[in-house]
Amino acid sequence: MAMSDWPEDATVQRFSDATSSEGVMVFAEMVDGHLLNVGRELMGPGREMADHLGVTLSAVLIHHSVGDAPQDLISLGADKVIVVEDARLEHYTTLPYARALSDYLTNVHRPEILLMGATTTGRDLAPRVASRVDAGVTADCTKLSVGPFYHRKTKSVTTHMLEAHRPSFGESKLACIMSNPEQLWAPAMATARPGIFVAPASDSSRTGDVEAFTPDWQDGDFSVEVMDVRRGGGERVDLGHCKIVVAGGIPCGQTGFREIHDLVDALKAQGLDAEWGASRAAVDAGHAPSTRQIGQTGQSIRPPVYVAVAISGAPQHTAGMKDSERIVAVNTDESCTMVQSADAAIIGDYREVVPQLTEKVKSGFTFGL
Amino acid sequence: MPVSDGCKYSDWEVLMMDFVVLLKQVPKPKEMRVTAEGTLDRASAPSQINQDCQHALEMALSMKDAYGGRVVVVSMGPPNFQMSHITAMERGVDETVLLSDRKLGGSDTWATGYALSGTLKHIGYSSERNDWLVMGGRQTTDGDTAHVPSQVAENLGIPQVTLVETCEVVDGSAKVRRIVEGGSMDLSMPLPCMLSIAPTAAPLRGRNMKAAVAVKKHVTKDQRGKDTFKEGAPIFRLLSADDVELEGTKIGLAGSPTIVAAAPRVEKASRDLQLTDSDGLIGVVEGWQ
């Protein structure tokens, strides 16, 4: 980066020295006893930055029961796992999670970098913690790195700072957000979009420390009560590993997604790792279980081939699939966002087009896979 | 008048609460231009109430319909935010408050959370009172962080729930439905509290003629011909950073813990769209290898 050019008489300080902080920390979210993928993914950039900085990588688990998750995280590269277990932490609410994290940061150890997944939890928790412990936070990052920043006004260079990159201005720019040299606080926090980073290979022979931590719970931390939770029933469907995903929008509900199912069955019969998914609108209308929802509040995926059937391409949906290697759109509207951002598009009624594709697949067409 | 889906009647209980809405005016997304310096050209772009804030405004108005009370809009931004305040008034808002000060320019979300919470405290909304709640949109189209509601709540020391689709007040608690991955959660929270409203909540209602007539007598045109409140209009308060007693080290560019270090332009993922039919797709796919 050009910012590393600075005059010889500039004062130089390291971010961790200036803020009395050390280490990289990842908040690894758990839901229903399972570690979310985004936590695994963040061990990738987390480990990389920790190695670059020559510091340790820690992970934080906050849940009613963490099970094997500490060893999972150690196998993925954590040097240390901090565990906050309490029966009242089964479902996420802001205040107890914020208490657990901020107590640890304030009373035990302050890392120089703190990462979280940009899930509904991470996007709620990160800013609350940032305001409580006085820290800067960057939302929805797609790239994380470490570098120096030269501040002209004070003629000072701060090195080894988090560079949190995020798309902005309608994705036309990639903004690099860093700590303000005039308000230098640790940790530098960032949330990262799920499905962007790649989880490191797991090595079960790795060893690390597990540290139990009990926050100083305060009156009111549990004042918000969870009355009911409805997460899509049925099996957990992980679309992240598929080679090809066929997703249907709300119009496909007219025929009960039958054409979508037939196409996926035909792809599977050809030996392909194929699955079907749906837009949030189709899920809300009851045409598909929420375990198959793709988008901002569903799964974020980037398969080699994504087939979008009768999906117009609302930003909430494209956030979960736009990094697919190849996108094929089937739609009646040539001007819709999905068609305009696809590699290939077939303009027509899905009830005619999708069965034609199914026939092609049955005769050996596999979308190049 | 029917109440929108966002809020249900609760035995016609009259609560006389204040429903406070954090509202941001943003450039119309499709008409945003970037200046030569790479910052957003806010001055020349036509503006509107941020999309998600419109849902928050509707939620507050429908709660007022159901329970009585007042809707108060609070914003931080340049004086031309009054245009959106007038739009909000025409839909039934009772009072608007604008924190406007050059010293606030360049504030990041941490500093914005501090400044907005200071404004709420200044006009009387504290965690000690339980006859109010505050809501904001999930996120803004020009900032896109979703941070501010959480950061205002933390500074006020009140509970929060983000991504709320529906809300009702029952027996002194807010009962809300929150969107989560793959479903939703029902939560019960004490008052006062902060809600950020999901884009799937009810859309903003149209102008109410009675309200529009009532607000008209307080409105005039500024030098650029834009709607603005008359000086001394009793329904509008313009506050400075000093009025609200904000600490100078916690606001504006210098008071913000984050800065935009660089913002290089990125080429959009260049997908070369090929329109085809199901026969032609085979050839198109062969071309990908």
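This passage describes the folded elements of chain A, with a short note on chain B.

The model is predicted: local features need pLDDT of at least 70, side-chain atom pairs count only at pLDDT 80 or more, and totals for chains, interfaces and linings use all residues. Residues are numbered from 1 along each chain as its sequence is written, while chains are lettered from A and ligands numbered from 1 in the order in which they are written.

Helices (H or I, at least four residues) and strands (E, at least two) are DSSP runs, numbered from the N terminus. Two strands pair if DSSP finds at least two bridges between them. Strands of a sheet pair through backbone hydrogen bonds, either parallel or antiparallel. In chain A, seven strands form an open sheet with parallel pairing. Their order is β8-β12-β7-β2-β5-β6-β13. Strands β8 (137–141) and β13 (209–212) of chain A stand at the edges. Each has a single partner strand, so one side of each lacks a neighbour in the sheet. On average, neighbouring strands of this sheet are turned by 20° against each other, direction ignored. Axes here are lines fitted to C-alpha atoms, for helices over the stretch in contact, and angles run from 0 to 180 degrees between N-to-C directions.

Within the sheet, β7 (residues 113–117) and β12 (residues 188–192) of chain A pair in the parallel sense over five bridges. A:Leu114 stands opposite A:Met189 in β12(A). Helix α2 (residues 37–53) of chain A packs on the sheet and touches β2 (24–27), β5 (57–63), β7 and β12 of chain A. Its direction makes about 175° with that of β2(A). Two residues are in contact if their C-beta atoms, placed from the backbone, lie within 7 Å. Helix α4 (residues 94–108) of chain A lies across β2, β5 and β6 (80–85) of chain A. Helix α4(A) runs at about 150° to β5(A).

A hairpin joins β9 (residues 143–151) and β10 (residues 156–168) of chain A, with four residues between the strands. The two strands run antiparallel and share eight bridges. A:Lys143 has A:His165 in β10(A) as its bridge partner. In the hairpin, A:Lys155 takes a positive phi near 50°.

Helix α10 of chain A has 13 residues (350–362). The expected span of a helix is 1.5 Å times one less than its number of residues. For α10(A) this gives 18 Å, and its end C-alpha atoms are 18 Å apart, which agrees. Its buried residues (20 or more other C-beta atoms within 10 Å; exposed means 12 or fewer, partly exposed in between; C-beta atoms placed from the backbone) include A:Tyr350, A:Val354 and A:Leu357. Seen down the axis of α10(A), the buried residues fall within an arc of 140°, so they line one face of the helix. The arc is that of the directions from the helix axis to the C-beta atoms. Their cover includes α6 (258–269), β17 (305–309), β18 (326–331) and β19 (344–347) of chain A. Helices α6(A) and α10(A) pack at about 10°, with axes 9 Å apart. They are therefore roughly parallel (under 35 degrees; over 145 is roughly antiparallel, 65 to 115 roughly perpendicular, the rest oblique). Just after α10(A), A:Gly364 takes a positive phi of about 115°.

A:Val309 lies in strand β17 of chain A. A:Val309 counts as buried because it has 27 C-beta neighbours inside 10 Å. Its contacts beyond four places in sequence include A:Ile260, A:Val330, A:Tyr350 and A:Val354. A:Val309 and A:Tyr350 are 41 residues apart along the chain, yet their C-alpha atoms are separated by 6.7 Å.

Chain B has seven helices and 15 strands. Of its 289 residues, 48% count as buried.
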